[in-house]
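Have it open beside you as you read.

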Amino acid sequence: MPIVWIVLLGLVVWAVVRLTQHSTGRDGGQAPAPGWPPRETPEEILDRRFASGEIDAATYTEARERLAAHRPKPQ
């Protein structure tokens, strides 16, 4: 009988840990937790850098083409 309670307690602990990991948004691209800024895509970072003047138009265009070429194809 004590083994059943130990297994049950272990399952509860595992479930709580598993659920709290999903809510943090740190695994597999989940949405960020409240209070964390949203994660920028590579295109958004590139757009921001071009808009702020960090990179010129030629670099921006080349980087955009590279990103488009390496994007996974939708299935």
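This is a predicted model: local features need pLDDT of at least 70, side-chain atom pairs count only at pLDDT 80 or more; totals for chains, interfaces and linings use all residues.

1. Searching the whole structure turns up 1 aromatic pair. The partners are phenylalanine 50 and tyrosine 60: their ring centres sit 4.5 Å apart with the planes at 20°, so the pair counts as stacked. Phenylalanine 50 belongs to helix α2 and tyrosine 60 to helix α3, so the contact ties together parts that are 10 residues apart in sequence.

2. Phenylalanine 50, at 35%, is partly exposed.

3. On to charges: the whole structure has 5 salt bridges. One of them joins the side chains of arginine 64 and aspartate 47, with an N to O distance of 2.8 Å. This pair links distant parts of the chain, 17 residues apart, with arginine 64 in helix α3 (residues 57-70) and aspartate 47 in helix α2 (residues 42-52). As for accessibility, arginine 64 is partly exposed at 28%, and aspartate 47 is partly exposed at 30%.

4. Worth a look alongside that is the salt bridge between arginine 66 and glutamate 62, whose closest N and O atoms are 2.8 Å apart. Why are these two about one helical turn apart? Both sit in helix α3 and they are 4 residues apart, which means a separation of about one turn. Arginine 66 is exposed, with 54% relative accessible area, because exposed starts over 50%. Glutamate 62 comes out as partly exposed at 39%.

5. Arginine 49 and glutamate 54 make another salt bridge, and here the closest N and O atoms are 3.1 Å apart. Arginine 49 is partly exposed at 33% relative accessibility. Glutamate 54, at 49%, also counts as partly exposed; that value falls in the partly exposed class because exposed means over 50%.

Technical notes. Residues are numbered from 1 along each chain as its sequence is written. Side-chain values use heavy atoms; hydrogens and water are left out. A salt bridge is a side-chain nitrogen of Lys or Arg within 4 Å of a carboxyl oxygen of Asp or Glu. Buried means under 20% relative accessible area, exposed over 50%, partly exposed in between (1.4 Å probe, protein chains only). Rings of Phe, Tyr and Trp (its six-membered ring) pair if their centres lie within 6.5 Å; planes under 30 degrees apart count as stacked, over 60 as edge-to-face and the rest as tilted.
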